Amino acid sequence: MEVTKKRILLKDYVVGPPKEADMVASTETVRLEVPVGSKGVLLKNLYLSCDPYLRTLMNRPVEGQEESFFTPFNPGSVITGLGVARIVDSGHPDFKVGDYVYGSTGWEEFTLISNPETLFKIKYTDVPLSYYTGLLGMPGLTAYAGFYEICSPKKGEYVYISAASGAVGQIVGQYAKLLGCYVVGSAGSNEKVNLLKTKFGFDDAFNYKEEHDLAAALKRHFPEGIDIYFENVGGAMLDAVLLNMRDHGRIAVCGMISQYNLEKHEGVHNLFCLITKRVRMEGFAVLDYYHIYDEFVETTRKYIKEGKIAYVEDIVKGLENAPAALVGLFTGRNVGKQVVVIAQE
């Protein structure tokens with residue numbers, strides 16, 4: 001059976017903030033079956049995850065520049081990201097037609113995966129499948145690994161999270177509260193600040209756009225200093241945090257969204273605080289923690305079923321609206337985890 005599928009391509013390398021015009025919709029005729037003799041699987045994509053890291057894959061490659069953990073996009077190629085899909089044909093003995101999976105897939109209606117070993121089979125369907133793009137997917141595992149494995153948290157510690165209403169931050173804050181920490185987050189609108197305090201149970205939160213002195217704002221919220229900083233922003237925010245860290249504090253460097261659209265990254269000036277305060281700052285990639293994925297899912301699903309974790313998604317319907325959804329991440333348009341719905345389950 002042949003069908004015409006919709007897909008989203010990268011039009012050209014991106015300079016500065018991404019624009020909808022940097023991506024283009026296209027169609028392609030495909031057969032809804034895996035090639036004869038292949039051990040691949042054919043996916044019908046249901047939900048796509050919009051994540052800030054996708055912007056870093058749209059840059060023109062520069063010799064000597066740091067490499068990404070993911071394969072950069074080429075102009076004219078289908079954009080790829082994480083998503084939830086249903087298998088509609090399979091040549092692999094471990095994957096059956098009808099199985100739901102989570103992993104890397106194309107921004108298109110159907111995707112042929114030649115190495116399905118990279119996919120995670122979805123074990124539990126008693127929660128919304130879209131949660132596997134966020135709370136039970138890469139953002140959730142990032143929060144879990146970054147907080148528990150990198151930060152080595154203890155009850156009663158002071159925790160600060162930037163970009164706290166996003167897909168990762170909202171989960172980190174709730175893990176910290178469940179452990180008995182004091183938690184403050186920052187976000188870019190008063191609506192999001194209110195969400196942190198009323199929906200996610202943060203002890204306090206502030207709108208960083210209304211603060212003229214970030215270091216003073218952090219001092220106001222953490223008069224005794226910060227034990228743990230979950231870093232999602234970089235730049236001036238990281239500089240301000242370094243001044244407010246407590247001795248032997250820990251910083252988990254998850255992302256630096258303030259830098260992704262800059263051709264020349266901003267410098268950080270207060271790194272000497274790492275020495276004087278004996279602070280440990282460690283970058284990490286979720287790819288290194290897939291071995292604890294099952295533990296993470298079991299723990300987090302239990303919290304969901306017990307009503308101990310709240311979760312907010314920003315749902316956009318239609319593959320054609322995926323470019324606008326991605327662009328919106330960098331203007332603060334989304335509230336919660338940005339998800340694109342392609343098809344019904």
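Visitor: What should I know about the model and its numbering?
Guide: This is a predicted model, in which local features need pLDDT of at least 70 and side-chain atom pairs count only at pLDDT 80 or more, while totals for chains, interfaces and linings use all residues. Side-chain values use heavy atoms, with hydrogens and water left out, and residues are numbered along each chain as its sequence is written, starting from 1.

Visitor: How many residues line the second largest pocket, and what is its volume?
Guide: A pocket is an open set of points on a 1 Å grid over the protein atoms alone, where a 1.4 Å probe fits and protein lies on both sides within 12 Å along at least five of seven lines; lining residues have an atom within 4 Å of a point. By that rule the second largest pocket has 21 lining residues, with F70, T80, G81, L82 and S104 nearest its centre. Its volume, meaning the space filled by probe spheres set on the points, is about 410 Å³.

Visitor: Which elements give two or more residues to the lining of the second largest pocket?
Guide: Strands here are DSSP runs of E with at least two residues, helices are runs of H or I with at least four, and both are numbered from the N terminus. The elements that meet the condition are strand 4 (80–90) and strand 5 (100–106).

Visitor: How do the residues of that lining divide into nonpolar, polar and charged?
Guide: Ala, Val, Leu, Ile, Met, Phe, Trp, Tyr, Cys and Pro count as nonpolar, Asp, Glu, Lys and Arg as charged, and the others, Gly among them, as polar. The lining of the second largest pocket holds 12 nonpolar residues, nine polar and no charged.

Visitor: Is G103 buried or exposed, and which residues does G103 contact?
Guide: Buried means under 20% relative accessible area, exposed over 50% and partly exposed in between, with a 1.4 Å probe and protein chains only. G103 is found in strand 5, and its relative accessibility of 6% makes it buried. Contact means heavy atoms within 4.5 Å, and, leaving aside neighbours within four places in sequence, G103 is in contact with G81, L82, G83 and L119.

Visitor: What kind of aromatic pair do Y131 and Y311 form?
Guide: Rings of Phe, Tyr and Trp (its six-membered ring) pair if their centres lie within 6.5 Å, and planes under 30 degrees apart count as stacked, over 60 as edge-to-face and the rest as tilted. The count by this rule is 17 aromatic pairs. For Y131 and Y311, the centres are 4.9 Å apart and the planes stand at 80°, and the pair is therefore edge-to-face.

Visitor: How many residues apart are Y131 and Y311, and where do they lie?
Guide: Y131 is buried at 16% relative accessible area, and Y311 is buried at 11%. Y131 lies in the loop between strand 7 (120–121) and helix 2 (138–150), and Y311 in the loop between helix 8 (293–305) and strand 14 (313–317), so that the pair links distant parts of the chain, 180 residues apart.

Visitor: Which ring does the charged end of K121 sit over?
Guide: A charge sits over a ring if NZ of Lys or CZ of Arg is within 6 Å of the ring centre and within 35 degrees of the ring normal. R301 lies over the face of Y124, at 3.8 Å from the ring centre. The charged end of K121, at 5.9 Å from the ring centre, sits over F95.

Visitor: What is the phi of A163, and where is A163 found?
Guide: Most residues other than glycine have a negative phi. A163 is found in the loop between strand 8 (158–161) and helix 3 (169–179), and it is partly exposed at 32% relative accessibility. Although A163 is not a glycine, its phi is positive, at about 45°.
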